Amino acid sequence: MRSHDDQPLKPPRWGDYLLESFCAPQLLEEVQGDLHELYCLWVKEFGEQKANRLYLWHTLKFFRLYAVKRNTPHIHINPMEMFYNYFKIGLRNILRYKVFSFINVFGLAVALSVCMLIILMLADQKSYDQFHEKKERTYRILSKVQDSMTPNASSPMPLTATLKVDYPMIEDATQLIPGVGGDAMYEQKTVEMRGLFADSSFFDVFSFELEKGNKDKALDLPNSMVISSETAAVLFGNEDPLGKSVAFTDRGLRLSQLDFGSETESNPVSWGNFIITGVLDSKKYKSHIKFDALVSAASLPALYQQEKISNLSDSWERYSYCYTYAVLHPEQNEQNLTASLDQLVARQYAEFEGMKGFQLIPQKLTQITPGIFVGNPLSLRLPLEAYYFLGFLAMIILLSACLNYTNLSTARALTRAKEIGVRKVNGAKRKDLIYQFLSESVLTVLFSLALAHLLLFIIQPAFMGLWANQFLNFDLNGNMLVHLIFLGLALLIGLVAGTYPALYLSRFAPTKVLKNLASEKPGKLSMRKALIASQFIVSLFFIITSILVGKQFRYYLEFEYGFESENIVNIPLQGNDYQLLKHELNRVAGVSAISASQYIPATAMSNGTGVKIAGTEDDPVHFEHLSVDTGFVTNLGLEIVAGRNLPAEGNEDRFVLINEVAAKSLGYNLPSEMIGQLLEVNTYEEPVEVIGIMKDARFQTPVMEEEIGPLMFRNQTEKFSYLNVKLASADLKETVAALEDQWKIIDPVHPFKYQFFDDQLVKVNQWLGDLVAIISFIAFLAIVIACLGMLGMATYTAERRTKEVGIRKVLGAENLNVALLLSKSFMKILFISIGIAAPLSYFINNLWLQNFPNRVAFGFGIVLMGSLILLVLGGIAICSQTLRVARKNPVDTLRIE
């Protein structure tokens, strides 16, 4: 029913409402169809206003007793049989349209597998610290300075005692103090142990249970220690550890250490003997608190007195050496605690000029993992922001798969229009059809869920193999609740993805679809084309981003630091005498030179201090400083441009080497002018003399430093933590084995540890490699799902135009011309997508790249490469179907039609 300008004529809707309100269902379709045809004639003959009046008049005239709705006897329908019928018919339709069903099932399965992986990650992280009885009332106190973007997990040492004494709202409080890192020895057995000082309230605040020992008294006495079951197994074997005495030697090892080569040690210091008062199986508990041992805080006064540990117990300014946990009384809440902490800060920090804007912030124990990003954490965890990011990526993939389902289901509307018409003529109501199509959607998603579990089984090991997981320790086994969440998510997706197709297909009127199917033109798919274009826009963005991040990663891996790292093996001293170890390892065949250093350069270690010319009032300049011996400069191939190297003997620690940037930062453009100058260093007691100037080289990771910064070397033997062994052997493995044999002679207690310098430089940038892997994987999924959607639409379009193709070929059209005709609209979508996504991707990626240190050049070459990849993959998806249809025998296609 159309007007002279081919626009559809619509009768007044209120007239249709009136007719539908009283007309019997078995007469409604036919009467309404006749009235619509008459309305079209009336408009042409009398105009729209009179046609509307005639339409209302004839509607009222039809109000007859035989035509009025009547109450029909209630027919009992078994709901189970009804739903069984829905799913049986749905299964038949899924099997009938195999190509469409495969695209929908596979696309949804890919998206679901990624969502399931992220749900497993979140479930694992949410399981941390859930075993504590007082978890809902326990808070960790964070500290934040005014200029810092993020808070620190640590807090001042006096805070715990102040909360206990001055704030009745606090039921209990405990503090954990890092600083336990060294060797525990029992008889002839030694184990490296890292842990915390803990006070007697530890087991009152936290619900850890001891395998052996009395937790109420385990940390009461000085020189008492609770150890992990793993440590107990190494030291004592089958013996009962309780009451045993172990000798502990501190080496200054940190509690949590990334194995880059930035582990620094202090000279071994004996802390004496400690009595084992408890054994705790840490594997039973998922907690953000990780330790090999808990040493009683009652041991600290003696260590302070012997000057083996710095005493910060009364220092409110130093907030990086302690972790405070407070338990509120049941009637108190977080707002009350926040107000009390604000009052405490106002009182305690009023006299500290440099601490203006300092804050103490409560953080709920159950929100630590996963939680916001904090500095100085007790253990490494993926911050909550990372989960938001991963969740956002997963939602994009899931949305893309749902759009595919919606697109293909609505595109199939014409294919199923006759089925819908027959159903409606036979008495099916719209809600019955909606249930039918939703059941098909749910079935499709359930098949996808089964396939998603298989895909998850494949991608899970790849995820667990990421470099970062050795520190995050994800457990992705899940539990019954997680699998119920999977099922609920799948059903929700099925309902969401199937709602629009169900509403769209069920609204077809039987008179329309049975009389005039051809009136629905398959070419009018503007909305679906827009949705497909949006999928390709997202895909191209991820492709370009993954190429750019991958290029940045390769640039960091091949970064020119300005020093030699090839064939250098870095060996931790582990408390051994530097001179003895150097002398003995030098005897190994294949060793060309040995030097020593405090830490390994360019491994994310920052050791800054303030430096100025002695006797001046200038502001100190920030320097990185590193303790090295005289052989370090030669071993790494560093060039001295003025003066000489650090001396090997004598009073060597009063001399320093600085680089050219350091000389310029102190006001000397000519390096030679700095020779002999005295420097005042914030962390040194006495001024030091500049003995030489080194050529600039990068001693910091490229992601931490844009430009080469001031650097200073000093020969302080007591601070050495590593030997740098340069190998000249053709067989590196044999030489390393010989080094290990020699190590065992010198130190039979500690295991031989080593890393090649080149590997350490790769490892420190490996986090970027993980990011490349994740973004590339998401890009791959996005493009696969987008291409599947395009493949489905191309298949549908090709099938709808089979008769047209046959006629064209009979009239002499070539296969290539037919294929190009069928592909034209889809190739246009691809080019439009590229036209939108290319500049958008360039703009967005430039935003983060400009803030990235030592960035690669981001030109249109990367954008062009990504666009070509998208064009090729999209073209394959389109042409695979159009060529298939174009090659068909026209006789067969016309016979089918």
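Let's start with a question: is G181 buried or exposed? Keep in mind that we are looking at a predicted model.

Find strand β2, which covers residues 170-186, and you will see G181 in it. The relative accessible area of G181 is 0%, and buried means under 20%, so G181 is buried. Now look at what surrounds this glycine. Setting aside residues within four places in sequence, G181 is in contact with M193, R194, F248, D250, R251, G252 and L253. Take D250 from that list: 69 residues separate G181 and D250 along the chain, and yet their C-alpha atoms are 5.6 Å apart.

Stay in strand β2 for a moment, because D183 is found there too, and D183 also counts as buried, at 9% relative accessibility. Which residue does the side chain of D183 reach through a polar contact? The partner is R251, and the two side chains are joined at 2.9 Å. Beyond four places in sequence, D183 also touches others, including T190, F248 and H750.

Now let's move to the largest nonpolar core, which has 88 residues. The members touching the most other members are L112, M121, I493, F536, F542, M790 and L870. Several helices supply at least two residues each, among them α5 (98-126), α17 (526-557) and α26 (860-886). Helix α23 gives the most, with 16 residues.

Not counting residues up to four places away in sequence, F536 touches I783, A786, C787, M790, L830, S833, L870 and G874.

Key. Residues are numbered from 1 along each chain as its sequence is written. This is a predicted model: local features need pLDDT of at least 70, side-chain atom pairs count only at pLDDT 80 or more; totals for chains, interfaces and linings use all residues. Side-chain values use heavy atoms; hydrogens and water are left out. A nonpolar core is a set of buried Ala, Val, Leu, Ile, Met, Phe, Trp, Tyr and Cys residues joined through side-chain atoms within 4.5 Å. Buried means under 20% relative accessible area, exposed over 50%, partly exposed in between (1.4 Å probe, protein chains only). Helices (H or I, at least four residues) and strands (E, at least two) are DSSP runs, numbered from the N terminus. Contact means heavy atoms within 4.5 Å. A polar contact is a pair of N or O atoms within 3.5 Å; within protein, one must be able to donate a hydrogen and the other to accept it, and residues adjacent in sequence count only if both atoms are side-chain atoms.
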